[in-house]
Amino acid sequence: MDQMQLFTLGRVLGWFAAAGFLIAALNPFFKEVNKRHMAKRPKDDRLRKGYQKFLRGYLRVHPYVGMAVGALMLTHLVIQFRFYGFYLSGFVAGGLMLVLIGLGVYGKYVMKKKPGPWLKLHRLLSLVLILAVAIHVVLAKVS
């Protein structure tokens, strides 16, 4: 793989990581739609059944999407570091993402999905990470 292809791969992996993170970050939104709208529909309603089937599938893969995003982000880091060196906004966003993934793994495997302070922190960090990723993308475009 030549330098230009590697450079392009690094950028594409960054965008895939950002897209995957946004998909994973929609978790509270999807749950809220279910709670506020779908759960109030009749039990035999096709829209409700379809949405709840979608939600069950989404919730089943949510942790694995987060782990895949972490792998994409680390690969993005390794490739882009070769071209740009240390990039503070990327380091901050990547560090937050690793903490977020670590909390998710802790919640899934150690706490067995029992709510607690870890879950509140996991949700808060996902909001902070949205801002950090946006700042990183803007700063990466500027330089």
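**Close-up 1. Asp45 and its partner Arg41.** Asp45 counts as buried because its relative accessibility is 18% (buried means under 20% relative accessible area, exposed over 50%, partly exposed in between, with a 1.4 Å probe and protein chains only). In this predicted model, the side chains of Asp45 and Arg41 join in a salt bridge, 2.6 Å from N to O (a side-chain nitrogen of Lys or Arg within 4 Å of a carboxyl oxygen of Asp or Glu). Arg41 itself is partly exposed, at 33%.

**Close-up 2. The salt bridge of Glu32 with Arg36.** Here the closest N and O atoms are 2.5 Å apart. Both Glu32 and Arg36 belong to helix α2 (residues 27-38), four residues apart, or about one turn of the helix; helices are DSSP runs of H or I with at least four residues, numbered from the N terminus. Glu32 is partly exposed at 30%, while Arg36 is exposed at 52%. The count by this rule is two salt bridges.

**Close-up 3. Helices α3 and α4.** The axes of α3 (residues 46-84) and α4 (residues 88-110) come within 10 Å and cross at roughly 150°, with axes fitted to C-alpha atoms over the stretch in contact and angles running from 0 to 180 degrees between N-to-C directions. The two helices are therefore roughly antiparallel (angles over 145 degrees). Among the residues that meet are Pro63 and Tyr64 in α3 and Gly94 and Met97 in α4, contact meaning heavy atoms within 4.5 Å.

**Notes.** Residues are numbered from 1 along each chain as its sequence is written, and side-chain values use heavy atoms, without hydrogens and water. As the model is predicted, local features need pLDDT of at least 70 and side-chain atom pairs count only at pLDDT 80 or more, while totals for chains, interfaces and linings use all residues.

Notes: Angles under 35 degrees count as roughly parallel, over 145 as roughly antiparallel, 65 to 115 as roughly perpendicular and the rest as oblique.
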